[in-house]
Amino acid sequence: MRKRVLCGISGMLAIAGLLAAWTMSGRAQEPAGKAAAQSAPAQPKTAEQQFKNIEVLKGIPAEQLIPSMQFITTSLGVDCEFCHVAHEMDKDDKKEKQAARKMITMMMAINKNHFDGEREVTCYTCHRGAAHPVATPIISSETGGGNHGAAPHVHEEEAEAHSDLPSADKVLENYLAAVGGVEALKKIKTRVQTGMIESPEGQFPVQVYSEAPEKRVSITHPPSGPSVTGFNGEAGWMTLPGRVHQMTAAERETARIDAELQFAARVRHEYAEFHVLPGEEIGGKKTLLVTAKAAENKPALRLYFDQETGLLVRLVRYAETPLGRNPTQIDYADYKVTDGVKIPYQWTLARPGVAFTIRIERVQQNVPVDEKLFVAPAEEAPK
Ligand code: HEC
Ligand code: HEC
């Protein structure tokens, strides 16, 4: 029963766009206060300072522990209880947890000794979504030994080999033009979207309030009570009835991407090291892939543009963890011109284990938005 409830909760948070650590373990892990939410503390806590029983992940930032656990969980295709006693994560009762410790040590040693310390080999390299890696080649008529749906691994340097492709500048310019151009974008100060969210938990109403340059609050209404995800340019939060989670630094950077009303205009300035590659077909459309690395600690991006319309049809972003990168994929569809700008009326967010689709029915722009919506909630929600 408890399990089901937790699944529901994590689903709802995913709906909000971000999967919070505390839903997975069933309790708040991160006591980041308001001050911490506004500017990263100079000396962030390490995992062993915050958690009880850390041996091999000593030294990693405490807020990276749960994202690392999520990476492990996805890589092995298991749930937390595969290694952990439910709600007592510090216990070492399960042999799988002890095996995992050895594996983490092994993985780090392989990378250190054989890959100049670069994180080339991860849990996923061997496990590929299974608890038991396969050592013998599988004969499969279907895939001919294919890659099990894994994202094709393309090295950015390969871009150089595709000299017939347009430059990243050109692709991003086309994108900006396709959505209406910078002047039209600048005229949009606020946006209020209402529609429905479709998730494994069911269909619920959703409202999204945005304000330029980068404030955004989305509210979904499942029967269990409203679930809110907010970002105001500095602080980010996720709330469920009776619970508040302040976003970690990494979560805030992904929330910022979603919140940017003028993303099409700003992406060129906020990211660096663009590369263009042929993209895979998405929804029957040929695409161009632009990879972008960020200055600072923003997540790396892969942007897929429809070759015909120039519009962004897929955004994949990666959140770094000490063990590997956690992917999130957002597919945009049903672009319509609204007040001179083209915006998607549908998007599907997917990450390992969760997916939901939002369909917008109504868009109002440049209407007043209640500023109270963008005020970060206090640490504890009233009971
Ligand atoms: C494949 C095994 C495995 C899976 C699956 C796994 N963990 Fe862990 N977890 C570990 C290991 C190993 C450690 C201890 C790391 C160390 O010693 O440095 C750990 C430590 C933790 C801790 C710190 C506990 C403490 O107080 O010392 C938490 C919290 C945690 N895991 C949460 C999770 C959550 C939440 C999930 C599911 C998303 C999860 N883990 C999935 C292996 C696993
Ligand atoms: C170099 C390849 C490789 C890497 C990298 C790797 N593993 Fe493994 N892992 C294996 C093999 C092989 C086994 C043994 C499979 C078996 O028992 O069938 C195994 C077994 C395990 C088991 C025991 C499963 C069970 O049911 O007893 C756990 C847990 C595990 N790995 C976790 C991890 C984690 C977590 C990582 C990343 C930190 C990782 N592994 C990285 C190859 C690897």
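Colleague: Which helices each supply at least two residues of the shell around ligand 2?

Modeller: This is a predicted model. In it, α5 (65-76), α6 (95-114) and α7 (123-127) each supply at least two residues of that shell. The most comes from α6, which gives six residues.

Colleague: Which residues come nearest to ligand 2?

Modeller: The shell has 17 residues, and Ala99, Met103, Cys123, Cys126 and His132 come nearest.

Colleague: How many residues of each class are in the shell around ligand 2?

Modeller: Sorted by class, the shell around ligand 2 holds 13 nonpolar, three polar and one charged residues.

Colleague: Let us step back to the chain. How many helices and strands are there?

Modeller: The chain has eleven helices and 13 strands. Of its 383 residues, 33% are buried. Among contacts with a separation of 6 or more, 52% join residues 24 or more positions apart.

Colleague: How should I read a nonpolar core, and which residues touch the most other members of the largest one?

Modeller: A nonpolar core is a set of buried residues joined through C-beta atoms within 7 Å. The largest here has 38 residues, and Val171, Leu172, Tyr175, Ala264, Val290, Leu303 and Phe305 touch the most other members. Helix α8 (residues 168-178) provides the largest share of this core, five residues.

Colleague: What does Val171 touch, leaving out residues up to four places away in sequence?

Modeller: On that count, Val171 touches Pro166, Val276, Leu288, Val290 and Phe305. There is also a second, separate core of twelve residues, with Ala47, Ala62, Ile66 and Ile72 among them.

Colleague: Now the strands. Is strand β9 mostly covered or uncovered?

Modeller: In a regular strand, side chains alternate between the two faces of the sheet. Strand β9 (residues 300-306) is mostly covered, with five of its seven residues buried.

Colleague: In which sense do β8 and β9 pair, and over how many bridges?

Modeller: Strand β8 (residues 285-294) pairs with β9 in the antiparallel sense, over six bridges. As one position to look at, Thr287 stands opposite Asp306 in β9.

Colleague: How many bridges join β9 to β10?

Modeller: Six bridges join β9 to strand β10 (residues 312-320), and the two run antiparallel. Here Ala300 has Tyr318 in β10 as its bridge partner.

Colleague: What do β9 and β10 form, and how many residues lie between them?

Modeller: They form a hairpin, with five residues between β9 and β10. In the turn, Gly310 has a positive phi of about 80°.

Colleague: Which parts should I look at again?

Modeller: Go back to α6, which gives the most to the shell around ligand 2, and to β9, which has six bridges to β8 and six to β10.

Terms used. Residues are numbered from 1 along each chain as its sequence is written. Chains are lettered from A and ligands numbered from 1 in the order in which they are written. This is a predicted model: local features need pLDDT of at least 70, side-chain atom pairs count only at pLDDT 80 or more; totals for chains, interfaces and linings use all residues. A residue is buried if 20 or more other C-beta atoms lie within 10 Å of its own, exposed if 12 or fewer, and partly exposed in between; C-beta atoms are placed from the backbone. Helices (H or I, at least four residues) and strands (E, at least two) are DSSP runs, numbered from the N terminus. Two residues are in contact if their C-beta atoms, placed from the backbone, lie within 7 Å. Two strands pair if DSSP finds at least two bridges between them. A residue is near a molecule or strand if its C-beta atom, placed from the backbone, lies within 6 Å of it. Ala, Val, Leu, Ile, Met, Phe, Trp, Tyr, Cys and Pro count as nonpolar, Asp, Glu, Lys and Arg as charged, and the others, Gly among them, as polar.
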